[in-house]
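Subject: Handing over a structure

Hello,

Here is the structure I promised to pass on to you. Please have a look at it first, and then read on for what turned up.

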Amino acid sequence: MHNDLCLLKYVRSSVKDFRLPRYAELPNFGLYLEQALKVINEALSPVISEPITKPMMNNYVKHGVVPAAQQKRYYRDSLCYALVMGALKPVFTVEQVGEFFCIQRETYPIQVAYDFFCTEFENALHAAFNFTGEALPSVETMRTDQTILVRAMVLAAANTVFVTKTLTR
């Protein structure tokens with residue numbers, strides 16, 4: 001029992017201060033693939049068990065989920081898509097995340113959609129790792145099908161992170 005409590009405390013502390021960089025905080029100058037992966041994997045390292053690799057990134061680009069590099073350089077928008085893909089990949093297929101992005105692009109500019117996702121994901125992680133039974137705080141300005149979809153996806157991803165971190169010693 002004592003070891004279980006210690007493990008849970010450790011797991012909680014590993015994501016306690018997790019925060020995704022917001023759109024304006026991401027570099028808006030071209031990064032080569034290695035540099036882009038470093039930014040992405042450093043941001044996601046507290047919550048993913050497998051870093052995003054070159055072949056994975058190439059697959060995301062091939063499926064149209066992450067915008068292709070321009071003259072071998074990735075810019076802010078590509079980093080946003082790759083960060084969201086990385087957060088959701090343990091639960092959803094590339095195709096599902098691609099469809100999610102299509103739905104989001106119909107309604108919101110990338111800065112708004114990405115920053116909203118970040119806040120929702122962080123709130124969902126907090127709820128998963130510090131379960132109180134209370135509802136997640138509502139951060140949307142208007143409830144739409146898109147905001148409901150984001151909430152459902154981040155809850156699934158956050159709970160997967162919790163279970164994975166708790167069961168992986």
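At what angle do helix α2 (residues 33–44) and helix α3 (residues 54–62) pack, and how many Å apart are their axes? The angle between α2 and α3 is about 95 degrees, and their axes are 11 Å apart. Axes here are lines fitted to C-alpha atoms, for helices over the stretch in contact, and angles run from 0 to 180 degrees between N-to-C directions. That makes α2 roughly perpendicular to α3; angles of 65 to 115 degrees get that name, while those under 35 count as roughly parallel, those over 145 as roughly antiparallel and the rest as oblique. On the α2 side the contact is made by Leu33, Glu34, Leu37 and Ile40, and on the α3 side by Lys54, Met57 and Asn58. Contact means heavy atoms within 4.5 Å. By class, the residues of this α2 and α3 contact are four nonpolar, one polar and two charged. Nonpolar covers Ala, Val, Leu, Ile, Met, Phe, Trp, Tyr, Cys and Pro, charged covers Asp, Glu, Lys and Arg, and polar covers the others, Gly among them.

Before going further, two notes on the source. This is a predicted model, in which local features need pLDDT of at least 70 and side-chain atom pairs count only at pLDDT 80 or more, while totals for chains, interfaces and linings use all residues. Residues are numbered from 1 along each chain as its sequence is written, and side-chain values use heavy atoms, with hydrogens and water left out.

Now the overall picture. The protein has seven helices and zero strands, so that is DSSP runs of H or I with at least four residues for helices and of E with at least two for strands, numbered from the N terminus. Along the sequence the pattern reads α-α-α-α-α-α-α. Of the 169 residues in the protein, 44% are buried. Buried means under 20% relative accessible area, exposed means over 50%, and partly exposed lies in between (1.4 Å probe, protein chains only). Among contacts with a separation of 6 or more, 72% come from residues 24 or more positions apart.

Two further helix pairs share α5.

- Helix α4 (residues 76–88) packs with helix α5 (residues 94–107) at an angle of about 135 degrees, with axes 10 Å apart. That makes α4 oblique to α5. Tyr81, Val84, Met85 and Leu88 of α4 meet Val94, Val97, Phe100, Phe101 and Arg105 of α5. This contact of α4 with α5 has eight nonpolar, no polar and one charged residues.
- Helix α7 (residues 145–167) packs with α5 at about 145 degrees, and their axes are 10 Å apart. Here Phe100, Ile103, Gln104 and Thr107 of α5 are in contact with Gln146, Leu149, Val150 and Met153 of α7. The residues of the contact of α5 with α7 divide into five nonpolar, three polar and no charged.

How many aromatic pairs does a search of the whole structure find? There are five. Rings of Phe, Tyr and Trp (its six-membered ring) pair if their centres lie within 6.5 Å; planes under 30 degrees apart count as stacked, over 60 as edge-to-face and the rest as tilted. Phe18 and Phe121 have ring centres 6.0 Å apart and planes at 85 degrees, so this pair is edge-to-face. Phe18 sits in the loop between α1 (2–15) and α2, and Phe121 in helix α6 (residues 110–129), 103 residues apart. Both Phe18 and Phe121 are buried. Tyr81 and Phe101 also form an edge-to-face pair, because their ring centres are 4.8 Å apart and their planes are at 75 degrees. This pair links helix α4 with helix α5, across 20 residues, and both Tyr81 and Phe101 are buried. Ring pairs also join Phe18, Phe117 and Phe121 into a cluster.

Finally, some loop residues. Gln71 lies in the loop between α3 and α4, has a positive phi near 55 degrees without being a glycine, and is exposed, with a relative accessible area of 76%. Lys72 is found in the loop between α3 and α4, with a positive phi of about 65 degrees and a relative accessible area of 66%, so Lys72 is exposed. Tyr108, in the loop between α5 and α6, is partly exposed at 22%.

Best wishes
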